[in-house]
Amino acid sequence: MINKSILNEEVMKYNKNKTDHMKYLPDMKIIESDIMEKVMYAVQNYNYNHYTEYHVYRALEKEYCTPEDFGALLSPVALHLLEQIAQKARIVTRKHFGNSIYMFTPIYIANYCENYCIYCGFNCHNHINRAKLNIDEIEKEMKAISETGLQEILILTGESRKMSDVNYIGEACKIAKKYFKVIGLEIYPLNTEEYAYLHKCGADYVTVFQETYQADKYETLHLSGHKRVFPYRFYAQERAIKGGMRGVGFGALLGLDDFRKDAFATGYHAYILQKKYPHAEIAFSCPRLRPIINNDKINAMDVYEAQLLQVVCAYRLFMPFSNITISTRECARVRDNMVNIAATKISAGVSTGIGEHTEEITSKGDEQFEISDERSVNEVYQCLLKNHLQPVMSDYIYV
Amino acid sequence: MDKFILGGKEFDSRFILGSGKFSLELVKACIEKAGAQIITLALRRTNEGGIANILDYIPKNVTLLPNTSGARNAEEAVRIARLSREITKSNFVKLEVIRDSKYLLPDNYETIKATEILAKEGFVVMPYMYPDLNVARDLINAGAACVMPLGAPIGSNKGLCTKDFIQILIDEIDLPIIVDAGIGRPSQACEAMEMGAAAVMANTAIATAGDVSAMAEAFKKAIESGRTAYLSGIGMTISKGASASSPLTGFLHDDTDK
């Protein structure tokens with residue numbers, strides 16, 4: 001099943017000459033690891049319909065959840081116990097983080113993309129304004145952002161190795177280091193040495209969205225470009241850790257496929273990786289495709305706010321020490337409540353366009369997606385304080 | 001007067017307060033209610049010249065104890081300690097070396113290595129460790145100013161899970177033993193002090209309390225009470241069978257060789 005609204009003629013055409021999405025391209029280095037097999041096996045065997053309320057209560061009683069408990073927390077039956085789950089998630093969050101909420105903002109430095117992902121605003125067949133900030137412009141943007149008081153920045157590019165190569169991103173990291181304490185990356189997947197290089201330039205956190213862990217579905221959504229190669233993307237976090245990054249972030253775009261399976265796979269992926277690399281810091285992002293309004297019947301794959309909260313709480317209870325970021329795709333009401341329950345990171349003063357933080361930059365690029373929470377850094381800061389949460393600009397030191 | 005001496009400084013309070021996990025605006029009131037003279041802070045949380053900088057919220061008359069949280073090995077800990085000395089102008093360092101993001105258990109081996117380097121550089125090294133007697137001895141030989149065994153995993157509020165092993169350290173190690181991590185209630189802090197711990201460090205127990213500064217005060221009282229009890233000598237427990245009807249030493253009165 002696929003959400004038909006994202007299909008068009010162009011997509012149909014591509015469907016005929018596709019490459020094997022499980023095969024690496026020549027420039028992609030293979031690392032020795034069995035994590036993907038383990039995750040795929042676990043997801044295949046994850047049957048969320050077999051859980052009962054008993055399994056959910058059992059999970060809620062434990063201090064540390066097993067993958068089996070995590071599966072129960074993500075099950076349809078658990079949705080009926082969402083209040084209890086949220087209560088427990090809140091306690092666990094406070095135990096690990098106190099009332100600290102970390103603030104950051106993304107900076108989009110380029111939106112060129114070589115991939116054809118049929119659901120994404122940046123995809124190479126969309127006729128949008130493309131732009132790439134030059135070094136001076138990056139500096140201006142970062143300076144403007146740092147003046148809002150933020151200490152953490154997330155550098156984003158579209159996925160084009162040609163237009164935004166590793167050196168270019170490295171230069172952006174070096175500039176970021178002058179203005180910020182914490183530098184994260186959300187860029188196309190790299191080889192281990194490339195991650196090591198960007199780590200040397202100042203970055204320490206890498207987030208890669210697998211989008212969906214259902215390889216068959218993945219293949220129908222990512223029609224061309226290097227992103228089409230499923231396993232290379234899957235192993236990005238492990239390569240980043242091997243390259244010396246301190247932490248890695250995971251995320252499925254909930255609603256692309258069966259969100260329960262995708263959320264289970266995301267959590268399990270992080271769990272296995274942290275077991276293998278116990279020092280790695282783990283983070284989750286929780287973007288969702290909103291259910292289509294006026295959809296005449298309720299689809300089991302739809303991710304409403306309740307389902308989103310269920311996923312966020314399940315991540316929290318399964319991986320209590322991980323950071324959870326709540327996207328600006330969500331409105332202020334949802335975000336403020338999520339950080340009161342289980343999320344620990346919130347962006348503020350967000351623009352997903354290029355060059356939007358500085359007026360004098362004229363070569364602005366279009367936005368990747370529309371945001372629902374347009375509050376400034378100060379507005380989010382004040383709102384956290386009002387809700388008895390402590391905004392934290394940095395809890396990190398680059399060593 | 002019963003003074004707590006550490007790194008050449010004298011303190012009246014034996015309560016080391018952690019500053020993480022709660023609102024910055026509560027820090028000052030909390031220190032006052034706790035009567036704390038030493039407060040830990042994570043260097044990585046400082047934001048000099050920026051907003052929400054924890055250093056702006058700590059009164060100047062309190063001894064800062066920067067910790068090396070974020071360090072995953074000895075080398076990183078040493079670098080963070082040096083940076084923290086520059087920023088806080090304090091020679092004190094609470095050494096934390098953790099390479100486990102799930103339980104946050106200390107790496108004793110790397111901690112010994114870092115202690116040796118930092119002690120040579122003149123730091124007052126206060127190493128956080130898993131209570132192991134051999135490691136404690138190595139830490140002393142490496143130049144530590146005290147030993148800080150965990151009672152339970154950080155933030156767990158579980159109390160003195162490692163009680164018997166902490167007692168061994170108290171009995172065998174001549175330097176102050178400061179129980180750090182895991183203390184969840186004033187009664188547990190009191191118990192650690194009764195056992196002979198030189199001081200107690202707590203953070204999450206207070207940060208996650210309903211009323212943060214009231215809980216800080218409760219801890220202060222518990223720690224003082226435990227200390228007084230320790231100094232006065234704990235009363236004997238008379239257990240059943242302790243005074244047997246046919247004494248084992250009765251034969252000594254049979255006066256055969258008198």
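In helix α1 (residues 27-34) of chain B, Lys28(B) and Glu32(B) stand 4 residues apart and are therefore separated by about one helical turn; helices here are DSSP runs of H or I with at least four residues, strands are runs of E with at least two, and both are numbered from the N terminus. An α-helix has 3.6 residues a turn, so residues three or four places apart point the same way. In this predicted model, local features need pLDDT of at least 70 and side-chain atom pairs count only at pLDDT 80 or more, whereas totals for chains, interfaces and linings use all residues, and side-chain values use heavy atoms, with hydrogens and water left out. Residues are numbered from 1 along each chain as its sequence is written, and chains are lettered from A and ligands numbered from 1 in the order in which they are written.

Lys28(B) and Glu32(B) form a salt bridge in which the closest N and O atoms are 3.5 Å apart, the term denoting a side-chain nitrogen of Lys or Arg within 4 Å of a carboxyl oxygen of Asp or Glu. Side chains of opposite charge can pair when their charged atoms come close. Lys28(B) counts as partly exposed because its relative accessibility is 46%, while Glu32(B), with a relative accessible area of 54%, is exposed; buried means under 20% relative accessible area, exposed over 50%, and partly exposed in between, computed with a 1.4 Å probe and protein chains only.

A further salt bridge in chain B is formed by Arg82(B) and Glu121(B), whose closest N and O atoms are 2.6 Å apart. Arg82(B) belongs to helix α2 (residues 74-88) of chain B and Glu121(B) to the loop between α3 (108-120) and β7, so that the pair ties together parts 39 residues apart in sequence. Arg82(B) counts as partly exposed at 38% relative accessibility, and Glu121(B) counts as partly exposed at 28%. In chain A, salt bridges that share partners join Arg335(A), Asp336(A), Asp373(A) and Arg375(A) into one network.

Over all chains, the structure holds 39 salt bridges. One of them in chain A is formed by the side chains of Glu305(A) and Arg333(A), at 2.8 Å from N to O. This pair links distant parts of the chain, with Glu305(A) in helix α13 (residues 305-318) and Arg333(A) in helix α14 (residues 332-341), 28 residues apart. Glu305(A) counts as partly exposed at 32% relative accessibility, and Arg333(A) is partly exposed with a relative accessible area of 48%.

On the surface of chain A, Glu356(A), Glu367(A), Glu370(A) and Glu374(A) gather in a patch of negative charge. Patches are made of residues with over 30% relative accessible area and no salt bridge, like charges being joined within 9 Å and nonpolar side chains (Val, Leu, Ile, Met, Phe, Trp, Tyr) within 5 Å. Glu374(A) lies in the loop between β10 (345-347) and α15 (377-386) of chain A, and counts as exposed because its relative accessibility is 66%. In chain B, Tyr103(B), Leu105(B) and Tyr130(B) make a nonpolar surface patch of about 250 Å², for which accessible areas come from the Shrake-Rupley method with a 1.4 Å probe. Tyr130(B) is found in the loop between β7 (124-129) and α4 (133-142) of chain B, and counts as partly exposed at 40% relative accessibility.

Burial was also examined along helix α3 (residues 53-61) of chain A, where His55(A), Val56(A), Ala59(A) and Leu60(A) are buried. These residues cover an arc of only 140° around the axis, which puts them on the same side of α3(A), the arc being that of the directions from the helix axis to the C-beta atoms. Tyr54(A) and Glu61(A), on the other side of α3(A), are exposed.

Elsewhere in chain A, Arg246(A) is found in the loop between α11 (236-242) and β7 (247-252) and is buried, with a relative accessible area of 2%. Although Arg246(A) and Asp204(A) are 42 residues apart along the chain, their C-alpha atoms are separated by 5.3 Å. Ser224(A), in strand β6 (residues 222-224) of chain A, is buried with a relative accessible area of 17%. Ser224(A) and Arg375(A) are 151 residues apart in sequence and 36 Å apart in space, C-alpha to C-alpha.

As for chain B as a whole, this chain has 8 helices and 10 strands, and its C-alpha atoms fill a box of roughly 85 × 40 × 40 Å along the principal axes. Of its 258 residues, 54% count as buried.

Methods
Lys, Arg positive; Asp, Glu negative; His and termini not counted. Charge placed at Lys NZ, Arg CZ, Asp CG, Glu CD.
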